[in-house]
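Work through the exercises below with the sequence and the 3D structure open. Try each task before reading its solution.

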Amino acid sequence: MALKDDQIARKEANDIRTNVGWYKFTHNLTVVTGKDAARFLDYMCLYPIANLSVGRSRYTTVLNEDGQILDDVIVIYPEPGVYWVSTLDYPSLAAWFETQKAGFDVSWHEATHEIDMYAVQGPNSKKMIELAAKNPLSKLAYFAITENIIVTLPVKILRAGFTGELGYEIYVASNESENLEKLLATACAILGGSNTTSWDVIARAIPVEKGYVLPADILGLTPYEIGSSVDLTREFVGKQALAAAGTSPSRLLLGLEFDDFPASEGDLVFYQGENVGNTTCVTYSFYLDKYIGYAILDAHKAPVGTNVIVGEEGVTAKVVERIWYDPDNLRVRG
């Protein structure tokens, strides 16, 4: 069934946008410790980590020495001397860390099978969690993490999410996951929300509307090519290459809007018969009621506003900015 016609997925997406939805969203969790943990992560990440206070977190990318993106991660500082790095590919991240650790007193291990994460997202997410939480969430800032108790279960709650809505991520010991799911299901039912089951909604339909990316969209690109800012006054892996490349890349990750029939991920994009790039994702947006997606495009030949032809079927699409939903970030502020 096409996502467009999936009524269950439509309800789940609508609940996240207008009410609340929850789902298991465990990533690969890397625990980094050691005397130089902060300094090491500061060097490995595009955005500074050493200035994080305990209880705070930061979204960032990890680059290779050519300034190209290897991963995008969230670095969380839940307690003194301990950092969590949330990634979708622990083996690759750990292998890269290994090549760069000389001169740092640092170690890391995977905790993916020790800690599960559940996302609670939507305008009623705070209300849903507070139906079962011991402590209120009213003072929890965006991208801050704190300890709490869900009925009797000790958890950590991070105010964040992959939806563009007010939302939270609940971290719980894996052996308590089944119990937490029951408690979340009970609280969600009171508000008439959904246990989100569609991976297309979780990973594509909802986040793409907001302009959020998966690693598959950005691997091998530079921060400039995805529109990220770069501070060349600090030291990090890939800095010299980015300084040499300049701030005006010849290609960009941009949005596509399709008239009706969608293309596929990886399809070539053409302008006046010339290949000007390729798609990285295509999904159906229930919010917009149209197909949208991303493409890596020649920034000079196919700028925003250009009509292009995509794929072997010759699907027409318009190049647009890579964000459709709440560009002013008002929703995440609740």
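**Exercise 1. Describe the lining of the largest pocket.**

Step 1. The largest pocket is lined by 35 residues, and those nearest its centre are Tyr59, Asp72, Phe162, Tyr212 and Val213. On a 1 Å grid over the protein atoms alone, a pocket is an open set of points with protein on both sides within 12 Å along at least five of seven lines, a cavity is a set where a 1.4 Å probe fits but cannot get out, and lining residues have an atom within 4 Å of a point.

Step 2. The model is predicted: local features need pLDDT of at least 70, side-chain atom pairs count only at pLDDT 80 or more, and totals for chains, interfaces and linings use all residues. Residues are numbered from 1 along each chain as its sequence is written, and side-chain values use heavy atoms, with hydrogens and water left out.

Step 3. Two or more lining residues come from each of β3 (56-63), β4 (69-79), β5 (82-87), β10 (167-173) and α6 (199-210). Such helices (H or I, at least four residues) and strands (E, at least two) are DSSP runs, numbered from the N terminus.

Step 4. By class, the lining has 20 nonpolar, 9 polar and 6 charged residues. Ala, Val, Leu, Ile, Met, Phe, Trp, Tyr, Cys and Pro count as nonpolar, Asp, Glu, Lys and Arg as charged, and the others, Gly among them, as polar.

Step 5. The volume of this pocket is about 970 Å³; a volume is the space filled by probe spheres set on the grid points, which are joined across faces, edges and corners.

**Exercise 2. Which strands each supply at least two residues of the lining of the second largest pocket?**

Step 1. The lining includes Glu147, Asn148, Val155, Lys156, Tyr171 and Val172.

Step 2. The strands are β8 (145-150), β9 (153-158) and β10.

Step 3. This pocket holds about 160 Å³ of space, and its lining divides into 8 nonpolar, 1 polar and 3 charged residues.

**Exercise 3. State which residues of α2 and α3 meet.**

Step 1. Phe40, Leu41, Tyr43 and Met44 of α2 are in contact (heavy atoms within 4.5 Å) with Trp96, Phe97 and Gln100 of α3.

Step 2. These contact residues comprise 6 nonpolar, 1 polar and no charged.
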